[in-house]
Amino acid sequence: MVLEATMIVVDNSESSRNGDYVPSRWEAQSDAVNLIFSAKTQANPESSVGLMSMGGKGPEVLVTLTTDFGKVLDGIHRTRIRGSTHLATGIQIAGLALKHRQNKSQRQRIIVFTCSPIAESQGELVRLAKRMKKNNISIDFIVFGDLEPENTKKLEAFNENIKGGDGSHLAIIPPGPSLLSDTLVTTPILSADGVAPRGGTDEVGADSGGGGFEFGVDPSTDPDLALALRMSMESEMARQEKEGKAKDEVKGDSLEGIPEENQPLLDGQGEASGSGGDQMDEDKKESSEAKEEKKEGDGDRDKMDTA
């Protein structure tokens, strides 16, 4: 898999307080950062991820390149929402952080979240894109929140001028009922790392979503929830098995009162056997006795006529 050093730039401006994305723009970014870190490190354990913000008074490096997920979580929790964004400056600082990576064989990538108006002009962004491309840095944009045509036009121009062999992507995600991270999985930004869409897999137990994880939950991030879901599933399977056995026992008891007919249908003389045959024998006996009585009556009548 691709060996990369990735700097994630989050938008912690005042616009990130908005609640048009579930549960809010900032919380949606935090969830997506966790997903990106997991995707990059699972694709290649030697890949590293850093984190920085671009809101407030100026961009700030929160976490240098690392493979420690705890440091990234700590960086997210320490971030404060304030001010406006400094997009161009944030990208340049992220580029410097990548330049000082320890493993020079790692490919350089910057993933930028932006949900607020962009103050930089289109020309300034185009020049920055060409400079980043010259330094072999790929830049992905995740655009959500403020989707005004002026903003998207600037970012499309930036993307057109930085596209290279390693790929630089632009994902525009409108508001909706789905989580930002769920929609992000379906974009080329993460699908290139082999991340399965949440809810888009045919594996048993993963049809309710989760990025290919059993029950849709990553055990490494939430082991308690994963354990609870597994125990619930096992309990349900045991209950269904118990009900099936009980039904089989009830069915067996109801058949015990029915006698088995082991007697042959015909006897040795070809006559019907059983109770039906006995009735037929009695009928035949009565018929023969009636015939004998009739013959005796006819014989007596003939003797009287002769006399």
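These notebook entries record what I looked up on helix packing and salt bridges in this structure.

**Entry 1: the model**
I noted at the outset that the model is predicted.

**Entry 2: helices α1 and α2**
I then looked up helix α1 (residues 25-43) and helix α2 (residues 69-78), whose axes lie 11 Å apart at an angle of about 165°. Angles over 145 degrees count as roughly antiparallel, and α1 and α2 are therefore roughly antiparallel to each other. Their crossing is right-handed.

I next listed the residues that meet. From α1 these are W26, S30, V33, N34 and F37, and from α2 they are F69, V72, L73 and I76. Sorted by class, this contact of α1 with α2 holds seven nonpolar residues, two polar ones and no charged ones.

**Entry 3: helices α4 and α5**
I recorded the crossing of α4 and α5 as right-handed.

On the α4 side the contact is made by Q122, L125, V126, L128, A129, K130, M132 and K133, and on the α5 side by K153, K154, A157, F158, N161 and I162. By class, the contact of α4 with α5 has eight nonpolar, two polar and four charged residues.

**Entry 4: salt bridges**
I then turned to salt bridges, for which the count is nine. One of them joins the side chains of K40 and E4, at 3.0 Å from N to O. This pair links distant parts of the chain, since K40 is in helix α1 and E4 is in strand β1 (residues 4-10), 36 residues apart. I found both K40 and E4 to be buried. I also noted a network of salt bridges that links E4, K40, R109 and D140.

A further salt bridge connects the side chains of E14 and R17, with an N to O distance of 2.6 Å. E14 is partly exposed, and its relative accessible area is 40%.

Finally, I looked up E241 and K245, whose side chains form a salt bridge at 3.8 Å, N to O. E241 and K245 are four residues apart in helix α8 (residues 223-256), so about one helical turn separates them. K245 is exposed, with a relative accessible area of 52%.

Technical notes:
Residues numbered from 1 in each chain as written. Predicted model: local features only at pLDDT ≥ 70, side-chain atom pairs only at ≥ 80, totals over all residues. Heavy atoms only, no water. Axes fitted to C-alpha atoms, helices over the stretch in contact; angles between N-to-C directions. Helix = DSSP H or I, 4+ residues; strand = E, 2+ residues; numbered from the N terminus. Parallel < 35°, antiparallel > 145°, perpendicular 65-115°, else oblique. Left-handed = near helix turned anticlockwise from the far one by under 90°. Contact = heavy atoms within 4.5 Å. Nonpolar A, V, L, I, M, F, W, Y, C, P; charged D, E, K, R; others polar. Salt bridge = Lys/Arg side-chain N within 4 Å of Asp/Glu carboxyl O. Buried < 20%, exposed > 50% of the residue type's maximum accessible area, 1.4 Å probe, protein only.
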